[in-house]
Amino acid sequence: MIQRGWSCLFLITVLLTSVASENIKIVSMYGKFTAANDLYKEIMIDASTFVNDGNILATGDQINLIHNNALEDSSYYNRWLFHSVFQICNDMRNTGASALIIPNDFCADDCDDVGGIIGDAYSPVLALDQADDSGAFKMVPKLDDVEEMLTEVISHFKWESFIFIHEGGVAYDLVERFSAKGLQYGWNLVPIELDTGNFYEQSQYIKSNVIKNILMYATNEDVLVEVVDTAFETELLSNGWHWIFGNFNPPITQQFLEQKYRHNMAFLTRFKVDSNDLLYYTSIQSPIKDWPFRQRAAYDAVVAVAKAIKMHKDAKGVLPQSVETCNMESKSTLEEYLKQVNFRGASGDVSFDDNGDRVNYTVTMYSGKDKYTENVAGIFAQDVRNWEKASGEKWPGKPGKRMYVKPFRQSSAAYIKILMVTEPPFFMDHGEEARRYRVPANSNNQAEDEDSYLGISWELLKEVEKVFTEDMEIPFEYRIFTMNRGQYGNLDLSTGEWDGAIREIIDGDADVVMGALVVNDAREKDIDFTTPWHVSYTKLLLLHPTFTFEYPFAMFYPLNVASWFALLGAFLVISILVWLLGRHDKYEWRGRAKRGVASEEDGQTFTLPEAFAFALSTGFWQGYTKGPKSWALRILTVFWCWFTICMTFLYLWNLNTVLKFSKTALKIQDQHDLLMQDQFEFGVVRDSPSFDLYRYGNAYDREIFDRILNSELDLIEYRIEDAVLRMRRQWDGHFTLLGEEKILEYASRRRPCQLYVTAKTLGNMTFAFATASGSPLRDQFTRAINILRNRGVIDDIVNRQYSSNLECAKTGIFKESAKKSFTVHDMQGVYYMMFLGIGGSLIVFVLEGLYYLLWFKDRPSSSSRVTKKEDYGTAETEMQSGPSAKVIGSGAGDWL
């Protein structure tokens with residue numbers, strides 16, 4: 001009896017429960033993307049399962065989903081918007097549904113606002129896509145909120161130019177809004193409409209663009225998967241690019257980061273709603289944390305309807321009446337309770353205002369690359385007061401701003417880590433510079449007593465700090481970490497790995513590199529550079545021509561030793577031939593004297609000493625006593641004169657180059673002149689800016705680098721001080737230094753003032769700040785540099801003097817005349833030859849005097865041996881009178 005009584009009681013309870021329980025109908029519709037693979041259908045079934053398991057509704061109440069798949073009817077999918085709305089209203093008639101959940105992909109491509117239109121016609125409608133300014137309850141944030149959030153982020157990053165890849169009508173509306181803001185924010189916007197069937201070809205065009213910032217927003221977020229995969233394959237998600245995904249929870253999942261996204265990839269900025277995804281049940285393989293936002297919103301739409309129904313039944317004791325027809329006048333009583341829904345779901349905080357707009361949600365911004373992709377970079381609070389109340393914290397952003405973006409920090413959360421490479425005059429330690437060059441501690445170059453550094457980069461950094469804090473209103477806490485000279489970064493060609501400061505940036509252990517860092521293609525493959533802040537020139541540092549000493553008899557260089565001996569041999573041969581012809585030719589002066597037609601004095605014209613004197617005077621275009629009379633000697637003289645003219649001009653042609661070799665470097669106009677000359681050698685300082693320029697430069701720059709490497713001399717110095725000492729010790733001026741203009745000038749302006757920097761430019765190098773690839777600091781520093789350049793601050797900083805010990809800066813020793821004309825050092829060999837001639841002349845004078853005193857002083861003169869010139873006519877008459885005539889002029893000197 002007792003057992004039978006318990007059975008009856010259980011049966012009555014079941015009957016009462018079955019009578020009280022009710023089925024609640026919710027119609028869910030699917031379209032082009034939401035119907036694929038029945039994924040959204042499974043998501044909503046999982047949501048209804050979660051609700052029906054007793055988590056929300058009263059015991060016995062059940063959610064019953066009515067699925068309407070548009071793709072099952074091809075004509076339904078191909079209808080226009082008006083026809084689709086009409087068909088939806090017919091389908092909802094007499095269904096007894098409590099709510100309708102609908103995406104905008106329900107019909108053809110012009111149905112971007114179908115959820116909003118149905119929301120005004122039926123009650124209640126929960127739209128899974130944009131449905132602004134309609135009666136629908138919007139599961140996605142208003143476009144105004146998205147616009148404000150993205151505007152603040154782009155403005156904070158200081159993007160000046162960016163590509164906006166958009167898809168669908170809602171995204172196009174966003175493009176128009178951003179274009180209208182272009183003038184206000186100084187944006188150069190390049191809109192590109194996404195071609196979902198041809199994005200691979202589009203990506204090739206985008207890669208060819210110089211703009212490396214991309215904003216992506218899609219009306220149908222399902223296309224983002226294809227965009228991300230294609231961008232990865234075409235290397236649009238590689239170094240140098242910064243992507244902002246405007247859609248919430250884009251498909252950048254942990255699985256994608258681990259399997260595809262690797263070292264040296266793009267900088268990513270994306271947004272995730274703060275949700276409670278671990279609370280909810282799903283049978284789908286991928287966890288809710290990896291779902292896109294619309295899938296999460298679909299799940300929460302079912303939960304939101306269930307919660308509203310629960311509140312309706314608790315308040316009124318009955319379920320809401322369903323609206324059977326599309327009628328703007330008829331509203332479901334469930335709407336009042338949908339506006340009271342407030343829970344943290346899979347898509348974040350779900351709440352609606354009186355207009356059905358999504359409110360009170362919070363979005364977390366993530367920004368970074370490689371191991372820093374999950375760094376929290378900011379917060380967007382739809383309602384700041386609600387956020388403060390919920391979190392118990394004070395809003396960190398500016399008053400009136402709902403978007404707070406943290407100042408970007410990667411290596412440290414507290415400050416920007418800046419690397420400075422020591423390179424006078426760009427960056428110097430003040431104490432070390434004072435000890436090395438005795439710079440006074442109270443030097444004018446030290447702006448503040450607490451400054452530990454000085455130089456161009458240091459002064460520039462202080463100005464950048466002012467621009468960040470005063471103009472851009474971005475906190476600029478930083479710390480400087482110094483690196484030794486030359487540690488800019490070298491590429492190991494065997495491993496493809498960088499060292500030095502470049503390695504620190506790539507690994508994320510530093511944020512910015514400043515100083516004399518040269519921009520080149522090799523570095524740009526792995527890091528990013530800001531806009532150039534200075535374009536410098538490559539010049540030559542050399543020993544000034546005034547102080548150049550070479551071999552004194554360099555004037556003999558135009559002819560080599562063999563040529564000089566050949567010339568001497570020719571002189572001797574010609575002199576002997578002149579003597580022989582003068583002695584034996586019957587028509588020369590000697591023969592004429594023997595015949596009596598010339599005086600004895602004329603007969604001595606071409607003796608051996610006179611022959612040498614004749615050949616020498618002819619060679620130097622000097623006069624002589626008697627010219628040749630015979631045609632044989634005349635012909636020889638003509639060709640000897642022609643020979644001496646040729647040799648003289650050839651000698652003089654090259655003499656100018658030899659005597660002014662120290663000024664050859666001053667005549668170098670370009671790299672071609674530098675490579676073609678062979679009168680001096682040029683070197684570089686290892687790992688200096690000029691070393692980096694020619695090592696990693698173009699093919700023409702590589703020719704200079706190869707010339708330096710292949711020289712038999714060691715032309716690479718480890719420090720510029722060593723190169724300066726080498727030039728000062730090598731007095732011949734055959735070694736010069738190739739380097740950056742400011743560095744060379746700083747090194748040359750200390751005593752002794754022997755060095756000079758050429759005015760010609762042999763190349764140019766661009767200096768910029770280096771950041772991690774795609775880092776927001778790239779655009780922020782670029783904005784600061786542009787502001788400083790427009791104000792003329794950078795030019796002023798570059799042209800300052802950063803040492804009070806530059807004593808050679810204003811000396812008058814380097815005058816234009818000294819650089820162009822012959823100097824005493826150039827002409828020293830000529831002076832030595834003149835002194836040699838004077839000395840030789842004096843020695844011969846003394847010897848002639850001694851010879852005369854010893855041999856001729858006490859001897860009587862024999863004037864009878866000399867026939868006076870006025871007797872020529874008498875002697876010639878006597879010779880013509882007959883055989884009795886005597887020959888005049890024979891004497892002791894006839895052997896010559």
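Strands β16 (residues 416-421) and β22 (residues 512-514) run parallel and are joined by three bridges; strands count as paired if DSSP finds at least two bridges between them. The model is predicted, so local features need pLDDT of at least 70 and side-chain atom pairs count only at pLDDT 80 or more, while totals for chains, interfaces and linings use all residues. Residues are numbered from 1 along each chain as its sequence is written, and side-chain values use heavy atoms, with hydrogens and water left out. Helices (H or I, at least four residues) and strands (E, at least two) are DSSP runs, numbered from the N terminus.

**The five-strand sheet**

- An open sheet with mixed pairing contains five strands in the order β19-β16-β22-β30-β23.
- The edges are formed by β19 (478-483) and β23, each with a single partner strand, so one side of each is left without a neighbour in the sheet.
- On average, neighbouring strands of this sheet are turned by 30° against each other, direction ignored.
- Helix α16 (residues 456-471) lies across β16, β19 and β22 and runs at about 165° to β19. Axes are lines fitted to C-alpha atoms, for helices over the stretch in contact (heavy atoms within 4.5 Å), and angles run from 0 to 180 degrees between N-to-C directions.

**Strand β6 and its partners**

- Strand β6 (residues 161-167) has six of its seven residues buried, so it is largely enclosed by the rest of the structure. Buried means under 20% relative accessible area, exposed over 50%, and partly exposed in between (1.4 Å probe, protein chains only).
- With strand β7 (residues 188-193), β6 pairs in the parallel sense over six bridges, and H166 stands opposite E193 in β7.
- With strand β8 (residues 213-218), β6 pairs in the parallel sense over five bridges, and the bridge partner of I163 in β8 is I214.

**Aromatic pairs and charges over rings**

- The structure holds 32 aromatic pairs. Rings of Phe, Tyr and Trp (its six-membered ring) pair if their centres lie within 6.5 Å; planes under 30 degrees apart count as stacked, over 60 as edge-to-face and the rest as tilted.
- One of these is the tilted pair of W291 and Y299, at 6.3 Å centre to centre with 50° between the planes; W291 and Y299 are both buried.
- W533 and F767 also form a tilted pair, at 6.2 Å centre to centre with 35° between the planes.
- W533 lies in the loop between β23 (527-529) and β24 (534-543) and F767 in strand β29 (residues 764-767), so this pair ties together parts that are 234 residues apart in sequence.
- W533 has a relative accessible area of 4%, and F767 one of 0%.
- Ring pairs link F426, F468, F476, Y478, W533, F767, F769 and F781 into a cluster.
- K307 lies over the face of F343, at 5.2 Å from the ring centre, and the charged end of R726 sits over the ring of F735, 4.0 Å from its centre. The criterion is NZ of Lys or CZ of Arg within 6 Å of the ring centre and within 35 degrees of the ring normal.

**Surroundings of S347**

- S347 lies in the loop between β11 (342-345) and β12 (348-351) and is buried, with a relative accessible area of 1%.
- Not counting residues up to four places away in sequence, S347 touches V273, S275, F293, R296, A297, D300 and R358.
- S347 and D277 are 70 residues apart in sequence and 7.7 Å apart in space, C-alpha to C-alpha.
- The side chains of S347 and D300 are joined by a polar contact of 2.5 Å. A polar contact is a pair of N or O atoms within 3.5 Å; within protein, one must be able to donate a hydrogen and the other to accept it, and residues adjacent in sequence count only if both atoms are side-chain atoms.
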